[in-house]
Amino acid sequence: MSENSPSSEYFSDVAGLFNPESLPEHVAIIMDGNGRWAQNRGKQRVEGHKAGADTMRTILKACGQWGIKYLTVYAFSTENWKRPQAEVDALMLLLETYLQSEADELEREGVRLATIGDISKLPRRTRDSLASVKARLNNGTGVTLTLALNYGGRDEIIRAVRSLAGAVLSGELAVVDISEELLAGKLDTAGVPDPDLLIRTAGEMRLSNFMLWQVSYSEFYSTAVCWPDFDRREFALALGEYQKRTRKFGDLAK
Ligand code: IPE
Ligand code: IPE
Ligand code: MG
């Protein structure tokens, strides 16, 4: 029996919630509601972020078991610097702790690690942790986990446009040759298929500057559940809902 067989143990707790044979290739998640989850429990916001990191583990593991190849998560936006310094510091520290404590397990699971966003603006220690864990996971053949860090869709497009403009100025590129493919190839997500499914937790109905270019035809799923409470079952429900959609890409239904 293959590992991805619907009757495998990996699917027993979510049996009937989705069809294991037609899963999305790329799931992107706006992990929202950590603060509200904490507040509802009389805890500090940082406790919500810690609980959110545990959810990340759960969902990444489910992707590996269920055969979802790409998981991209919004961890820190270009706008999140507006938060109190103590919360920003706590988030960066949490990321470093997560990378260090998870590296062995991620390697065992064959996870590859990528980032999108301008990570040059992250604290030195965070960048060092990222670089070392990325290098360590370089040979993974399982899920590609992409962390969006100091990520903003507008910032990403601006950086790509600057790069193309530079090529035009130096005479390497003609303006008429600027195409969707060429621009997409300059984005941080170059080489990665666009998300099939975009999930946002905690009930908000907005993109908050996430993957503006790439989600043009992603199926959007919103749930009221806060990120720390999003579990395998909630993920399975989202996948089931995705499978009910008819994706037309502007064409007529096939
Ligand atoms: C998402 O949870 C995590 C980050 C943005 C880093 P929030 O911290 O935004 O939680 P809420 O929206 O305040 O509940
Ligand atoms: C989006 O959530 C960013 C991340 C999940 C990292 P926010 O909580 O920052 O978004 P807004 O402020 O509610 O739009
Ligand atoms: Mg939020």
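Predicted model: local features only at pLDDT ≥ 70, side-chain atom pairs only at ≥ 80, totals over all residues.
**Close-up views of the two ligand sites**

View 1. An oxygen atom of ligand 2 lies 2.9 Å from an N or O atom in the side chain of Asn80. For Ser208, a side-chain N or O atom is 2.6 Å from an oxygen atom of the ligand. Arg200 places a polar side-chain atom 3.4 Å from an oxygen atom of ligand 2. On its own, ligand 2 has 390 Å² of accessible area, and the protein covers 78% of this.

**View 2. The shell around ligand 2.** By class, 5 are nonpolar, 2 polar and 4 charged. Strand E2 (residues 70-77) gives the largest share, 3 residues. Ligand 2 sits in the largest pocket.

View 3. A backbone N or O atom of Asn34 is 3.2 Å from a ligand oxygen atom. For Gly33, a polar backbone atom lies 3.4 Å from an oxygen atom of ligand 1. Taken alone, ligand 1 exposes 370 Å², of which the protein buries 86%.

**View 4. The shell around ligand 1.** Ligand 1 sits in the largest pocket. Helix H1 (34-40) and helix H2 (45-66) are the elements that give two or more residues to its shell. The largest share, 3 residues, comes from H1. Among the surrounding residues are Met31, Asp32, Arg36, His49, Ala75, Asn80, Arg83 and Leu91. The shell divides into 3 nonpolar, 5 polar and 4 charged residues.

Conventions. Residues numbered from 1 in each chain as written. Chains lettered and ligands numbered in written order. Heavy atoms only, no water. Near = heavy atom within 4 Å. Polar contact = N/O pair within 3.5 Å; in protein donor to acceptor, adjacent residues only side chain to side chain. Areas by Shrake-Rupley, 256 points an atom, 1.4 Å probe, with all protein chains shown as cover. 1 Å grid on protein atoms, 1.4 Å probe; cavity = no way out; pocket = protein on both sides within 12 Å on 5 of 7 lines; lining within 4 Å. Sits in = over half its atoms within 2 Å of the grid points. Helix = DSSP H or I, 4+ residues; strand = E, 2+ residues; numbered from the N terminus. Nonpolar A, V, L, I, M, F, W, Y, C, P; charged D, E, K, R; others polar.
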